[in-house]
Amino acid sequence: MKRVMTLGQFIIEKQNDFPFAKGELSRLLRDIGIAAKIVNREVNKAGLVDILGDNGMTNVQGESQKKLDLYANEQFIAALSSGGECCIVASEESDEIVRIDSAVSKNAKYIVAIDPLDGSSNIDCNVAVGTIFSIYRRKSSEGPAQLADVLQKGVDQVAAGYVIYGSSTMMVYTTGKGVNGFTLDPSIGEFCLSHPDMKIPKDGTIYSINEGNYVHFPDGVKKYIKYCQVEDPSSSRPYTSRYIGSMVADIHRSIIKGGIFIYPTTSGAPNGKIRLVYECNPMAFIIEQAGGRASNGFERILDLEVNSLHQRSAVFIGSENMVLKAEEMMREFSLEESEKLKAS
Ligand code: P6P
């Protein structure tokens, strides 16, 4: 009988990877796991309770806020507040940083950036959605943590992960020592290690992009899409197109099966749509730790300067050789884009 390793046991076992950490990061990951189970419970019964639909408000991005977005946001902030290890939460659903100044958090040294419920527009049609989180150590050493503690480059993350609320609920995370996946076993209410040491295939045959925006894409992206569609059995082309419209689901599939997810700049989104701090950076950390690659078409995502909380970026992420091919086409056909992105 194979021994079940729960998330809690795994975190404790791996704690020795961090001699400097006296358990704070472990507790932080545990707190996130608890909030994920609470959100999962509501997501799984979303069709039954009046928690669907819009709440009549819009977030800082001008997107209509779903009741479940706000519920998820509240749950993660509450779990992080009571856990005592987090001093600031930066959330897609909060215009400004949320300072945690509860009594238990006065010595907290971690920053959590989070997209509490990514892809929530899919909830009403029962499509997989996700939570994305990114963890930094605060840089400032005294007084209340500042916005500057959040605006750190992705390369400085100490941990990152996502939860996918799909046909099963999984939590996938990295602390810089590889990627591990845990599946929620509802019968015991525990995330159990189901995907140890996850690696993304170097090559893939699935490309994931919203081709409805084709006419607005940079030429390099148009050329890459046409490259994917060429009949060439020796390179397993044409590839398959899969686009769920929920980034966590599209990227999780890419890790499991191989593939590339692209959200480039478009005329409607001149800096891209996906947010750097709480979407691109955590996903890039995970993908690199799984042996993949993540860039904005030209530069490594994790090296990008972070200038504002809700900053957006173009993102090319997934199997290393697929991203390299797309980058080659961006350099050949859309090099001017590189200068534009630098200037933005
Ligand atoms: P579009 C969800 O809103 C999200 O941020 C990602 O999860 C998803 O990949 C993308 O937007 C979908 O955007 O413009 O293709 O509908």
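**Exercise 1.** Which strands does helix H2 (residues 24–44) lie across, and at what angle does H2 run to E6?

*Solution.* This is a predicted model, in which local features need pLDDT of at least 70, side-chain atom pairs count only at pLDDT 80 or more, and totals for chains, interfaces and linings use all residues. Residues are numbered from 1 along each chain as its sequence is written, and side-chain values use heavy atoms, with hydrogens and water left out. Helices (H or I, at least four residues) and strands (E, at least two) are DSSP runs, numbered from the N terminus. Helix H2 lies across E3, E5, E6 (129–137), E7 (159–165), E8, E9 and E10, and runs at about 165° to E6; such angles run from 0 to 180 degrees between N-to-C directions, with axes fitted to C-alpha atoms, for helices over the stretch in contact.

**Exercise 2.** Work out in what order the 8 strands form the open sheet, and which strands stand at its edges.

*Solution.* The order is E4-E3-E5-E6-E7-E8-E9-E10, with mixed pairing, where two strands pair if DSSP finds at least two bridges between them. Strands E4 (98–99) and E10 (190–195) each have a single partner strand, so one side of each is left without a neighbour in the sheet. Further in, E3 (residues 86–91) and E5 (residues 110–118) run parallel and are joined by 5 bridges, and valine 89 has valine 112 in E5 as its bridge partner.

**Exercise 3.** Describe how helix H5 (residues 219–229) packs with helix H8 (residues 320–333).

*Solution.* The two axes are 7 Å apart at an angle of about 135°, which makes H5 oblique to H8 (under 35 degrees counts as roughly parallel, over 145 as roughly antiparallel, 65 to 115 as roughly perpendicular, and the rest as oblique).

Conventions. Contact = heavy atoms within 4.5 Å.
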